[in-house]
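Good morning, everyone. Today I want to walk you through helix packing and a few single residues. Please have a look at the model first.

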Amino acid sequence: MASNGGKRRWSGAVKQVTKSNFSAALEQIKKHINDSDFIAISTQKTGDFSGSSSTSSHRHPWRRVLPIDTQETAYLKAKHAAERFELLQFAICPFRLNGSKVLAHPYNFHLFPRDELNLGMPSYSFSCQSSFLTSMAREGFDFNACIYDGITYLSRAQESMARDRNPVARLRPLTSPSPQSVADSVFMGRIKSRVENWWKACKDPGKATDDSLVLSLRKLILGSELYGSRPCLSIDVCSDHQVQLVLVIVGQICDDLVPIVVPDNRGEVKAVRVILTSSKEDKNLLLSAIQSQEEEADLKVRGFREVLDVISRSHKPIVAYNCLHDFTFIHSKFIAPLPPSMAEFMCSLRLAFSEVLDINHLLKEIGPLRKANNVPAALSYLKRQFFTPVELEIPPQVDSNTDKHHGHNVLRITYLFAKLNCLLKIIPGHQPALGQYTREVGDCANIFYPCSTTLQESDDEDGFQTDKFKKVGTNNVVLLWGFNAGIFASGLKRQLHGSHTVFFDDFEVQLVDRTCAIVVFHVPGSAENLLEDMRSGSIGSGSLNDLISDGLKAAGYETYKKVCRMGLWETDLAEALEMVLQEHANDLSMTFRKDASEIYWNSDLMIDLSDI
Amino acid sequence: MIRQWLLWAVPKTLTLVRRYRPFSSSSSGGGVVMKRVTRANFESALEGLRAQVQEADFVAIDLEMTGVTSAPWRECFEFDRADVRYLKVKDSAEKFAVVQIGVCPFRWDPSRGSFLAYPHNFFIFPRKELPFDGPSHEFLCQTTSMNFLAKYQFDFNTCIHEGISYLSRVQEAEALNKLSSAYENELTNSINTSGENLEIPIVSTADLLFTERIKNKFHEWRNRITESSCAECYVKEKTEHVMTQFQTIFFKMRPAVTLNGFNSHQMKLIQLVLRKHFKDLVFIHAQGEEVMLERKVVYTDSEEDKALLMREVLEDLHRSKEARVRSAVGFRHVIDFLVSEQKLIVGHNCLLDIAHVYSKFFGPLPSSMMEFALSIHENFPNIVDTKHLLNSSHVLQYLMKKNSKSLSSAFSLLCPEASSDSPKSAHSYVKFEVQTDETGLSNWTSGAKHEAGYDAFMTGCVFAQACAHLGIKFDLDSPLTNLATNDKLQGYINHLYPSWNSGTVIDLSTGFEKAESNYKRKYPTVLFSKVVLIWGFPSKFKPKDLKDCISKVFGAGSVTSIFFLDYTASLVQFSKEEYVNDFLMLKDILERNDNDPISVLHPLAELLDGGNTHAADYDTYRQICSAPASKVLFADQAEAAGIRWKTLAGCQNSEAWEATSMNGSSTFTGVRSHELPNTHQVSCEDILDSLYAAR
């Protein structure tokens, strides 16, 4: 099996990239990206609230993506995780498909959010889940290499902020001239004569034999300096307007002069430096030198994001396993802070990455509602169900170090995708369609399937869940809290059973965390009835009334959504629900709404808090 | 006297068990041999340390953390009110992890005329040792602190792979509590299971076949046991029936079979079959010694026997779980020991360290500084902060002159002993020897600056030397009397700085904070009742703009000072108390009449531009600081703290004032301070400076 033999077979196949070999590797990476059909990615985080994370209990277990989550709340949870945790490794694997052959070029980048520019960016601080770090340690992760030698990065939004706050001297194009006042013409006249004086003095070869005293005196008077080996002159300015004026003047005097704008450390323009070049060729030489300096500085600022920019520009389809989580991280670390809603996020993401293929979604295409817990499980499922021979070919690295086998997951994803693609026949955009059984990337791109979790790991060897998912409308769901702490779902169900008309029919009870339970009704309208009766107080006497007088409370799904929207993650769910209800005490629409969405409910996804 | 300096002293002959190493503070700062303690050698190191602590005159400690402030606006500012300052310390101790703890017992050896030091460097990691909520499943790392640790070659791999875990007292109690309630619950469940649903949901034909086959197999097995005597059956089975899945074994003196090779769904079916058809067969789902789950089916000959078996099994389970909790206590054993021995604890600027010790090893930090101080005092009756000692003793002030009070500079100044290049002075230096008492040298490393073990060692040396300067005699051939009760130290014991720039000292024995006599304040005293908090204003606003804007409404001298927490939030101190309310009311009115031309043209409209400008009193600042979230920008934090209104209304205001005005206005005066503010501090104070200059 590929996943078992993986470590051995692929050992040393993934090129490890750190700060020291990053710029050297970049050219090759660009080439591989541009030659590829697809690009697989996989990340290593310091923590996550995703479904595929370990089943260890958390302080607030309801923060993880649960079967009760809709797309929207799953996004909000993923957003919370992405803002909180950090990426330590980012593996990419550009690959070409050729029949059953896959030509892959895997790279694994070690990242660390080092504050190179001393601006509190890319991140002031980040969270770690000790269970994540421990399991990374078990896989032999080298934390020292990561922290000492990880590549840093800035997001696009951060880069423009850094530009403002940590400016470097650069060329600036001439903008359309603004109206000039009398003071402007006086200023221009003065600058003009000063530059001309200096220019003439530099050009005049007769003075070349002057002794050093005269030279230094002249330097003092003219303000002449050297820029590299070329003479230059600094002109102090105090506004952008004056910069433009100086640029106009310099353009008028001579073609050999190159002006660059020098900012002070607060980002305001301080001076214009005029550099004298000896000829047209020399000027071009200087211009290209400045250009490459700027590019180098930019690369230093962008860091690892350069790779994502290359991927973005290449417009290649991207393949990932848990897309919602990976791409919320990517968006928040490399593009901009995450927007408040899923729709805005998808829009913003599409601008950067037009086609993203979620393996979870592709798996769903093959077997409806089938879902693997992890990549190896999906691989073994495919292996059992279908005959899909795939040959993964990885050209050996020149400087491969065989002892390191980080980032293998990306190869597994590549392999899995190749197998899936034998069935789905997805054709990358640039290739012509081969027949009616093929489909375009666009048909299945950009549909993210949230990975939800169970607290109780099923110990089936294949890790596959049986088809017990039911679609449940969110308007058939009620959240309950205020019951005895430490009660089990079965106990609560027993207490509720028969206490109200809605609790006679088929209903399910499960705990979301220690403080809050979810009730799923299979008779439409039950949830509404219950909430309405509890609100109006027409419960009558009985066990439900006793429970209510002991503090039992209920709310509809909207309240839960609101909790997620408001980001009340730092408390138990009951407390968060309480806060929302208090705030919207008079707003009836909060508790119930007609336009319900659907969740995939699985009665097996038992949250068993007693399991200690 | 010839001093021989052994740096990586690896003696060829390891017959000598105890080695005394005279040490010198060489300029490199390294060179002291200390014990490196990880998970692997923790048990043995703990034994050694116990004896050393028992004999010690004092114990120096130092901690390395993954960070100090969780957001820029959470840094300590000079003018923070005492309660806000404590909230900042509390936040830091709650959010960040401790990765290294240095513990160094010092003992005066009268026969040698020197102090014997035993520096230990413990690697700590909040590993999840128990299947439920452990020490801290999640912690924060401050990027700059991680870089700082990396700069001093901190070994993250050792820390994460090999660090010692811990449970606080509260966590241990909770874990044990949870265990016993789960135990009782299971016990009751195991006894009355009769009412359970006995229907077997048959989903597929495969399931049907499986249940039938299992039923038959168990019938066969039970019949064999009941027909013949057990011993016979055992023999018989070995020879006749070789059924792979049904090997009879003995479990708690009863015949049993181990279930192997079934998946979880099949296990569920087996359970249902047993419950429905076999009253005398019990399904046991027991955790073995290892993490391996073992499932067995046991034959019991009566209902009583069945109950007895269940009880036995659960008791076993309970005991093994309890043992696991006890072993998960980990590093806290060291702290517990320091507490029970009631030794004098020495730290350098150690309030944050102590707060970490409290939150990691005792329990959640109390809500007020007073409670915290008294609770610490109960556990550690004698703590000396060398930083405070150096600052407040005149003798030491004179010796230190204008030098920085940082640990390493105090160390090289006060303890230059035996470093050949230092001029001999009239002072007699206290001698220190580092003791190593183990033959295995793999656990010994050479200490370096900003390594917890070495910092603890330096702190202890500075303390002992400072004691000598204060006139405490360390005599040859005379044992040391209790340092904690020494008159010469009385003014210094249990006096700690709440933060490096507070200008106050907290007395742990009383819980009261008082101004430090010789602290020079950089800014005039802040009266908190005159302060208003503004946040969410347009990002282009600079301190000067804010001042101009408010001055236009309240007059030229109305603003005393402005402090930008970050570029989204600011504290403004008015010259008069009533301006606070006036400002808040005015803002509220302007916002209510949004489209009114007067509102649009009002001088404050500029400040309210963008519609996100919020304002409130100082207590709201406190409330926002106490919120558990830590957003980088203050404006985001306010939102995360659940603040939905834009202006704190007047009536709420006055009530809130009474509640916390006791800490409101304390005045401080002082002489001087020497501190190196960090970079962010500079930028904030620069803003203030520029503002004062602008006036």
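First, a definition. Helices (H or I, at least four residues) and strands (E, at least two) are DSSP runs, numbered from the N terminus. Next, the ground rules. This is a predicted model, where local features need pLDDT of at least 70 and side-chain atom pairs count only at pLDDT 80 or more, while totals for chains, interfaces and linings use all residues. Residues are numbered from 1 along each chain as its sequence is written, chains are lettered from A and ligands numbered from 1 in the order in which they are written, and side-chain values use heavy atoms, with hydrogens and water left out.

Chain A, overall. It holds 22 helices and 21 strands. Of its 612 residues, 55% count as buried. Buried means under 20% relative accessible area, exposed means over 50%, and partly exposed is in between, with a 1.4 Å probe and protein chains only. A contact means heavy atoms within 4.5 Å. Among contacts in chain A with a separation of 6 or more, 78% come from residues 24 or more positions apart.

Now single helices. How far does H10 of chain A reach from its first C-alpha to its last? The helix covers residues 280-302, 23 residues in total, and reaches 33 Å, close to the 33 Å expected at 1.5 Å a residue. The expected span is 1.5 Å times one less than the number of residues. Buried residues of H10(A) include Leu286(A), Ile290(A), Glu294(A) and Asp298(A). Keep the helical repeat in mind: an α-helix has 3.6 residues a turn, so residues three or four places apart point the same way. After H10(A) comes Gly303(A), with a positive phi near 60 degrees.

H12 of chain A, residues 323-335, is another case. At 13 residues, a straight helix would span 18 Å, yet H12(A) spans only 16 Å between its end C-alpha atoms. It is largely enclosed by the rest of the structure, because 13 of its 13 residues are buried. Leu324(A) lies in this helix. Its relative accessibility is 1%, so Leu324(A) counts as buried. Met342(A) is 18 residues away along the chain, and its C-alpha sits 9.8 Å from that of Leu324(A).

On to helix pairs. Axes are lines fitted to C-alpha atoms, for helices over the stretch in contact, and angles run from 0 to 180 degrees between N-to-C directions. Under 35 degrees counts as roughly parallel, over 145 as roughly antiparallel, 65 to 115 as roughly perpendicular, and the rest as oblique.

Take H3 (residues 71-84) and H21 (residues 557-566) of chain A. Their axes come within 9 Å and cross at roughly 25 degrees. So H3(A) is roughly parallel to H21(A). H3(A) contributes Thr73(A), Leu76(A) and Lys77(A) to the contact, and residues from H21(A) include Tyr557(A), Tyr560(A) and Arg565(A). By class, that contact has 4 nonpolar, 1 polar and 3 charged residues. Ala, Val, Leu, Ile, Met, Phe, Trp, Tyr, Cys and Pro count as nonpolar, Asp, Glu, Lys and Arg as charged, and the others, Gly among them, as polar.

H21(A) also meets H22(A). Those axes come within 9 Å and cross at roughly 95 degrees. H21(A) and H22(A) are therefore roughly perpendicular. Tyr560(A), Val563(A) and Met566(A) are among the H21(A) residues there, and Leu573(A), Leu577(A) and Val580(A) are among those of H22(A). The contact divides into 8 nonpolar, 1 polar and 2 charged residues.

Stay on H22 of chain A, residues 573-583, which contains Ala574(A). Is Ala574(A) buried or exposed? Buried, at 12% relative accessible area. Leaving out residues up to four places away in sequence, Ala574(A) touches Trp481(A), Thr515(A) and Cys516(A). Cys516(A) is 58 residues from Ala574(A) along the chain, and their C-alpha atoms are 5.5 Å apart.

Chain B has a pair too. H6 (residues 205-227) and H8 (residues 264-277) pack at about 55 degrees, with axes 10 Å apart. That makes H6(B) oblique to H8(B). Phe210(B), Ile214(B) and Phe218(B) are among the H6(B) residues in this contact, and Leu269(B), Ile270(B) and Val273(B) are among those of H8(B).

Last, two loop residues of chain B. Gln342(B) is not glycine, yet its phi is positive, near 55 degrees. It sits in the loop between H10 (332-341) and E12 (344-347). Its relative accessibility is 38%, so Gln342(B) is partly exposed. Asn349(B), also not glycine, has a positive phi near 50 degrees. Its loop runs between E12 and H11 (351-362). Asn349(B) counts as partly exposed, at 26%.
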